Amino acid sequence: MSGKAIIEIKDLVKIYKGSDEPAINGISLDIFEGEIFGLLGPNGAGKTTTISILCGLFNATRGKASIDGMDIHSNRDKIKHIIGVVPQDVALYPTLTAWENLTFFGNMYGLRGAKLRQKIAEGFAVFGLEKHADKKIANCSGGIKRRINLIAGLLHDPKVIFLDEPTVGIDVQSRVVILDYLKELNKTGTTVIYTSHYMEEAEKLCTRVAIIDRGRVVSMGNPRELVAEHPEFKDLENIFLHFTGKDLRD
Ligand SMILES: Nc1ncnc2c1ncn2[C@@H]1O[C@H](COP(=O)(O)OP(=O)(O)OP(=O)(O)O)[C@@H](O)[C@H]1O
Ligand SMILES: [Mg+2]
């Protein structure tokens, strides 16, 4: 894969306060415009930490990163307008309805009035949520919350979208709808960065993956090419196990 690097990460390190082990320990990688890039790794590998730094949630301890040519530390506000974030833990207000939540998130991105209503309605239609618009989030199922969480991150048509385990804990139907939607979005030029524990899904979906373990990139490439390079492992799951080992993580 080549082209314009829309995300450049150089020697990124994060040591959380009070911790002596780095959560990420020198991650360097480029993500190109138009990719669906998978960040894969066992529990605690550093996927969420990496995404959180790129999205400006907190600073790295060392290292540099840029999005669309803008340094993530010095251009935080500009970057916010071109990225969308779908966090690992559903980030919605339980006492507000689905529609109210999306209105709130739309307002945060500066969207208002008819344009916002249209974007929310489009999202509800794509994800089959029309009849849940006026339901309080607290009364929605996990799969519905995930779909609403996803719409919230996409309302402002971001150029780059980060999704942290968007398909965890949902049924096959919801997963297919979400993955098909991400593919469609990607066809219109959106760069997608997503984390997952589902190797088969990542193998089908991603233009490239980075396998990270204990805060370091241990393998990277196009999933089909990785499998072709290691025919003895047959599929991405076995390659993942080869590079990350079989011991359990925290
Ligand atoms: N706020 C925090 N303070 C201290 N340590 C943290 C904090 N957040 C994460 N960590 C630690 O940093 C490491 C990387 O965590 P991170 O959440 O980035 O992993 P992950 O790859 O997203 O894992 P998972 O697949 O379980 O979501 C882990 O050892 C974790 O315990
Ligand atoms: Mg995580």
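1. Rings of Phe, Tyr and Trp (its six-membered ring) pair if their centres lie within 6.5 Å; planes under 30 degrees apart count as stacked, over 60 as edge-to-face and the rest as tilted. By this rule there are six aromatic pairs, and Tyr93, Phe104 and Phe105 form one aromatic cluster.

2. This is a predicted model, in which local features need pLDDT of at least 70 and side-chain atom pairs count only at pLDDT 80 or more, whereas totals for chains, interfaces and linings use all residues. Residues are numbered from 1 along each chain as its sequence is written, chains are lettered from A and ligands numbered from 1 in the order in which they are written, and side-chain values use heavy atoms, without hydrogens and water.

3. Tyrosine 16 and phenylalanine 58 form an edge-to-face pair, 5.7 Å centre to centre with 70° between the planes. Tyrosine 16 lies in the loop between β1 (5-14) and β2 (24-32), and phenylalanine 58, 42 residues apart from it, in the loop between α1 (47-54) and β4 (62-67). Helices (H or I, at least four residues) and strands (E, at least two) are DSSP runs, numbered from the N terminus.

4. Phenylalanine 127 and tyrosine 181 are also paired edge-to-face, at 5.0 Å and 65°. Phenylalanine 127 is buried, at 3% relative accessibility, while tyrosine 181 is partly exposed, at 22%. Buried means under 20% relative accessible area, exposed over 50%, and partly exposed in between (1.4 Å probe, protein chains only).
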